[in-house]
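Welcome, and take a moment to look over the model before reading on.

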Amino acid sequence: MVMHENKYLLITCCALVLFAITARHTKIREVIQTHGYGSVVQTEKRAAVIDEDVLIKDQPSAVSSTSTVAVKEQKPRPYVSAESYIVGNLDTGQIYISLDGRKVFPIASVSKLYTALVVQHLFDPEKKIKITQSMLDAYGDAGKLVLDEEITSEDLLYALLLESSNDAAEAYAQSFGYQEFMEEMNGFAKEIGLEQTSFRDASGLSPYNVSNTTDLFTLSRYLYGYERDILKISKTVEHDLATTSEHNSHHFVNINPYSAYSSFVGGKTGRTDEAKESMITLIKQEVGDEIYPIAIILLRSEFGQREIDTEKLLGLFVDKVEKK
């Protein structure tokens, strides 16, 4: 009896398997008839292709434990873009804020503030300087000087300091004797204590006109203490020369963004590819009931940032003094 039951179960199982196989073949024929053989093959192939990169990306923990690729950290941008700066008191010499004060950089047209200082010691204010073609060949046309006109040394300072005229700088150096003028510039720099400062030209176009913010602070204190006339010219908003038999009319306009501020004492801007943007700003800053005569000096600010950098340093100075 048991044998008959086992035999019956075996026959039933075989029948079920045979039915399943027949049903699968029937389904496959229906798919082939409906979609074609190629479609089935392509569908199966697409299902079999697995993008391993996708799987890896979906498992960040696995990547972090096995990956050898170093992730470069992005450094935060500095609050002040200048590579070197100083904020110091012109009266006492106290330094409030500084960064890399002894690091030497090209200074661009900040050089002209020093050129003006040397001119004051070498030239009679009424000395007439004739403008030649070689003077006009300097880069740019700031000052709009004209061939063969004659301008006094004093009047030419307005073109030099207000409009940052390279032609005016060349006019001083060439009329004096270029080599001799450069010797005077470098010699006087050492005389007043500018230890890391040297000049190759009178305009600042040369990348070899170099200094650091420590030396430029010394220069600023010297100008503030002994050469106020130069600072007075550098803060003049505009200056006119009427037409004469010796020169054309000229209207010099100050390019310094602080020239119209009542607190501005004087200063100079500079810009070249090598120097980026440089700036010396002398101001009298009121904090509470006290007025502080300070110099804010920047070297290698990013292009378009020197005024913003100056404002930021001024704000830091005020905060520092208020917390005393």
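To sort residues by class, Ala, Val, Leu, Ile, Met, Phe, Trp, Tyr, Cys and Pro count as nonpolar, Asp, Glu, Lys and Arg as charged, and the others, Gly among them, as polar. What you see is a predicted model, in which local features need pLDDT of at least 70 and side-chain atom pairs count only at pLDDT 80 or more, while totals for chains, interfaces and linings use all residues. Residues are numbered from 1 along each chain as its sequence is written, and side-chain values use heavy atoms, with hydrogens and water left out.

Let us start with the open spaces. A pocket is an open set of points on a 1 Å grid over the protein atoms alone, with protein on both sides within 12 Å along at least five of seven lines, and its lining residues have an atom within 4 Å of a point. Grid points are joined across faces, edges and corners, and a volume is the space filled by probe spheres set on the points.

The largest pocket holds about 260 Å³ of space. Its lining has 18 residues, and the closest to the centre are Ser-109, Tyr-139, Ser-164, Asn-166 and Arg-271. Helix H8 (166–176) and strand E9 (264–272) are the elements that give two or more residues to this lining, and E9 gives the most, with 4 residues. Helices (H or I, at least four residues) and strands (E, at least two) are DSSP runs, numbered from the N terminus. By class, the lining of the largest pocket divides into 4 nonpolar, 8 polar and 6 charged residues.

The second largest pocket has about 160 Å³ of space. Among the residues that line it are Gln-120, Ser-153, Tyr-158 and Lys-232. H7 supplies the largest share of this lining, 4 residues, and the lining as a whole has 4 nonpolar, 3 polar and 3 charged residues.

Now turn to helix H5 (residues 111–122). Because 9 of its 12 residues are buried (under 20% relative accessible area; exposed is over 50%, partly exposed in between, with a 1.4 Å probe and protein chains only), H5 is largely enclosed by the rest of the structure.

Finally, find Leu-147 in the loop between helix H6 (133–136) and strand E5 (150–152). Leu-147 counts as partly exposed, because its relative accessibility is 41%. Beyond its neighbours within four places in sequence, Leu-147 is in contact (heavy atoms within 4.5 Å) with Ile-131, Thr-132, Gln-133 and Leu-136.

Technical notes: On a 1 Å grid over the protein atoms alone, a cavity is a set of points where a 1.4 Å probe fits but cannot get out, and a pocket is an open set with protein on both sides within 12 Å along at least five of seven lines; lining residues have an atom within 4 Å of a point.
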